[in-house]
Amino acid sequence: MTTDQLRPLTELQALESESIHIIREVAATFTSPIMLFSGGKDSVVMLHLAAKAFWPAPIPFGVLHVDTGHNFPEVLQFRDEAVDFYGAPLKVAAVQDYIDDGRLRERPDGTRNPLQTLPLLDAITDGRHDAVFGGGRRDEERARAKERVFSMRDEFGQWEPRNQRPELWSLYNGRHLPGEHVRVFPLSNWTELDVWDYIAAEKINVPTIYYAHERKVTFRDGMWIAINEVTPARTADVVELRSVRYRTVGDMSCTAAVLSVASTVQDVINEVGLSQLTERGATRADDRLSEAAMEDRKREGYF
Amino acid sequence: MPQRSAVLSATTNLTGGRTLLRLATAGSVDDGKSTLVGRLLFDTNSVLADTLDHVEQVSRRRGLDRADLALLTDGLRAEREQGITIDVAYRYFATPARKFILADCPGHVQYTRNTVTGSSTADVIVLLVDARKGVVEQTRRHLAVASLLRVPHVVLVVNKIDLVNYSEDVFTAIATDFALLARSLGVLETYCIPVSATEGDNVVTRSHRTPWYDGPTVLSYLENIDDTWLAVGQEFRFPVQHVVRPQSAAPAPWAARAPQVNGDYRGYAGKIESGRVRPGDELAVLPRGTHAVVEAIDTPDGPLDLAVAGQSVVIRLNAEVDVSRGDILAATDAPPAPIRELTATVCWLAERELTAGARVLVQHGTSITRAAVRSIEGVLDLSFEAGTVPCWRSATALTLNDIGRIRLALASPLPIDSYREHRATGAFIIIDDADGWTLGAGLAGSTPLTTASTAKTDPQDEAQQQQRKGPS
């Protein structure tokens with residue numbers, strides 16, 4: 001036996017294998033899993049991993065998008081192409097439907113992010129989904145650092161951080177009571193940089209707005225806000241044409257852009273690595289920018 | 001200020017680039033664990049600006065003249081309000097050589113539960129002591145848990161070395177105490193490093209204030225641990241997650257080099273828990289014990305001639321054998337014999353007690369089996385003195401944070417390894433059948449920790465321990 005081919009798994013191989021293991025465990029032990037899919041980079045990496053987990057069979061569950069009605073058109077187009085490409089049936093829960101028939105009311109600040117919860121929980125209940133995959137990562141936010149890979153939710157979808165099950169070895173326990181469901185985070189151990197490295201390594205397509213492009217923006221409340229029908233220019237705004245990209249894609253009403261000239265995956269990887277350096281400066285302007293970045297991350301996805 | 005380097009990205013392909021190391025921290029209250037973790041994150045440039053801003057603001061509000069790095073590990077609101085840490089938190093940092101997943105285990109509240117959880121996946125435990133106090137009872141307990149969980153490496157960080165004037169004598173005395181303790185507990189490999197987490201001495205940057213110490217810094221130690229062959233060098237174990245049997249091959253435009261498959265494809269998907277496998281290898285299908293030969297190892301990136309521990313793959317066999325989820329494909333050389341009576345060490349993680357007669361579920365690999373508790377054999381007394389080892393005392397119940405010996409009767413035969421030899425396939429969890437709660441962490445076979453035999457234990461078990469004591 002030759003041993004020269006034996007070498008330890010690389011970081012990306014280890015993360016990929018761990019995520020595939022998690023996704024397969026869910027498919028094998030739950031009755032009706034569903035995967036949240038926003039078209040964002042984390043969710044498309046998760047969908048790619050699902051395709052790899054079950055190959056040569058198709059993905060054995062569908063994907064769900066909670067559409068706020070304020071999505072970037074580029075992202076919606078990407079969403080439809082991606083579900084086709086990976087062969088996963090798409091279900092859309094539309095916040096607009098809820099507003100139209102009065103089950104939800106538009107908020108005074110125009111933000112629709114908080115409105116997603118009801119359509120999401122309804123979709124989970126209607127579909128009798130006992131497991132819901134989310135693309136959340138533990139490096140995103142301080143409280144998330146303590147979330148389990150298998151996270152129990154009561155019938156209101158609530159997370160009780162002080163009452164979590166211990167999670168040992170890679171023995172994931174998905175048993176739950178009727179009415180409860182389990183949120184599963186296959187990307188728990190990935191960082192933002194890992195996600196981009198994997199996108200590069202696997203040549204995964206992501207929406208174009210992740211890469212630098214020219215867009216009409218204004219600097220408002222410390223954030224670069226795109227000027228469009230959802231967020232029109234206000235009288236005090238100075239509207240400029242700048243080269244920007246999005247670090248996260250969420251609802252247009254609350255997702256800000258960052259100034260960037262990163263037009264390729266490699267550029268983005270370099271920028272993500274470097275941004276942590278420069279944002280350290282903690283000058284006033286950086287403070288504002290970074291506050292915005294944190295808001296972006298918090299607002300990303302549904303969790 | 002220590003020098004910083006940019007966060008380097010791993011690689012742009014899957015098979016090149018850096019490796020992954022999992023570590024867990026442990027220490028008593030006020031040993032400076034949060035500061036050490038904060039220092040590792042900060043000095044490896046792994047802290048996002050928003051987090052750092054928060055830390056600097058809070059430090060200023062508290063009247064500190066510099067950022068308190070311990071605040072970097074602040075988590076839940078309740079923890080910030082009460083100034084305590086409740087639960088295991090996972091942190092991420094990286095260097096050009098390695099990515100690290102750090103399980104930050106709080107020291108005081110439910111220390112066993114948290115340390116056991118963090119240690120279960122750890123390649124290395126970073127154990128802290130205060131240089132002014134040296135090895136204390138909590139150190140002994142943590143080291144015993146590390147030994148029990150078979151964590152391959154333990155590094156002792158002798159922190160606050162600045163507060164003993166960077167004294168070599170103090171460090172040497174603590175290191176000697178620790179080495180004796182480690183040997184008596186049968187810990188595999190240990191190392192000691194003099195550190196000041198607050199000042200940054202020997203965490204990431206080598207300190208000129210400890211000229212008598214010529215070993216690695218904490219980070220450099222973690223970067224250079226060789227854990228490559230631990231799981232890979234063991235016998236092959238592959239719990240089958242599911243059977244891949246597509247009606248027809250799905251088109252896979254996203255796949256790199258997926259081979260064409262035909263309609264009667266039948267493969268077994270899973271993650272290799274230990275060892276390695278090649279096409280042509282003969283494997284045993286457990287628990288039945290039938291044999292088959294590996295025809296191919298498939299992945300959507302193309303077939304492999306070799307797959308190793310940690311990899312998720314699909315294995316095809318050359319014979320029509322009955323394989324389903326819950327089975328284990330294992331090397332034919334000494335596969336674990338399926339058993340109906342299981343003796344195990346159990347870390348009890350729930351408020352509710354465990355007593356003889358209880359009915360529970362046992363999850364092992366990818367199988368779940370009903371089980372009944374035959375007897376509680378004893379509870380481990382971890383309050384042992386320096387120079388001695390923990391002993392078993394008799395007990396009729398296990399309560400939260402207890403480590404006990406129990407006998408379980410299993411409803412179906414389980415091909416379970418001894419945890420001493422196989423961390424993954426010797427481990428199981430105990431689940432409450434009624435509400436699904438995870439009650440305990442089980443280590444099959446003889447206790448993987450050197451103990452004194454004062455209470456009743458299995459004689460055969462003791463004999464096995466004696467045999468195995470030698471090399472560790």
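Modeller: A crossing is left-handed if the near helix is turned anticlockwise from the far one by less than a right angle, and right-handed if clockwise. Keep that in hand for the helix pairs. This is a predicted model: local features need pLDDT of at least 70, side-chain atom pairs count only at pLDDT 80 or more, and totals for chains, interfaces and linings use all residues. Residues are numbered from 1 along each chain as its sequence is written, while chains are lettered from A and ligands numbered from 1 in the order in which they are written.

Colleague: Which hand does the crossing of α2(A) and α6(A) have?

Modeller: α2(A) passes α6(A) in a left-handed crossing. Helices (H or I, at least four residues) and strands (E, at least two) are DSSP runs, numbered from the N terminus.

Colleague: At what angle do α2(A) and α6(A) pack?

Modeller: Axes are lines fitted to C-alpha atoms, for helices over the stretch in contact, and angles run from 0 to 180 degrees between N-to-C directions. For α2(A) and α6(A) the angle is about 50 degrees, with the axes 10 Å apart. That makes α2(A) oblique to α6(A). The classes are these: under 35 degrees is roughly parallel, over 145 roughly antiparallel, 65 to 115 roughly perpendicular, and the rest oblique.

Colleague: Which residues make the contact of α2(A) with α6(A)?

Modeller: Two residues are in contact if their C-beta atoms, placed from the backbone, lie within 7 Å. α2(A) contributes Lys41(A), Asp42(A), Val45(A) and His48(A). α6(A) contributes Val195(A), Tyr198(A), Ile199(A) and Glu202(A). By class, the contact has 4 nonpolar, 1 polar and 3 charged residues. Here Ala, Val, Leu, Ile, Met, Phe, Trp, Tyr, Cys and Pro count as nonpolar, Asp, Glu, Lys and Arg as charged, and the others, Gly among them, as polar.

Colleague: How do helix α1 and helix α2 of chain A pack?

Modeller: Helix α1 (residues 11-29) of chain A meets helix α2 (residues 41-54) of chain A at about 75 degrees, with their axes 9 Å apart. α1(A) and α2(A) are therefore roughly perpendicular to each other. From α1(A), the contact takes Glu16(A), Ser19(A), Ile20(A), Ile23(A) and Arg24(A). From α2(A), it takes Leu49(A), Ala50(A), Lys52(A) and Ala53(A). These residues divide into 5 nonpolar, 1 polar and 3 charged.

Colleague: And in chain B, how do α4(B) and α5(B) pack?

Modeller: Helix α4 (residues 111-120) of chain B and helix α5 (residues 137-148) of chain B make an angle of about 40 degrees, with axes 10 Å apart. They are therefore oblique to each other. The crossing of α4(B) past α5(B) is right-handed. Thr112(B), Thr115(B), Val116(B) and Ser119(B) of α4(B) touch His142(B), Val145(B) and Ala146(B) of α5(B). That contact has 3 nonpolar, 4 polar and no charged residues.

Colleague: What domains does chain A have?

Modeller: Domain bounds come from an automatic or database domain assignment. Chain A has domain 1 (11-194) and domain 2 (207-299). Their C-alpha centres lie 25 Å apart. The contact takes 19 residues from domain 1 of chain A and 18 residues from domain 2 of chain A. On the domain 1 side, α3 (73-86) and α6 (192-202) of chain A each supply at least two residues. The largest share of that side, 3 residues, comes from α3(A). By class, the side has 4 nonpolar, 9 polar and 6 charged residues.

Colleague: How is chain B divided?

Modeller: Chain B has domain 1 (19-228), domain 2 (236-331) and domain 3 (339-469). The C-alpha centres of domain 1 of chain B and domain 2 of chain B are 40 Å apart.

Colleague: Where is pLDDT under 50 in chain A?

Modeller: pLDDT is the predictor's confidence in each residue, from 0 to 100. In chain A it stays under 50 over residues 277-303, a stretch with 57 contacts beyond four places in sequence. The mean for chain A is 84, and 88% of its residues reach 70 or more. For chain B the mean is 85, with 87% of residues at 70 or more.
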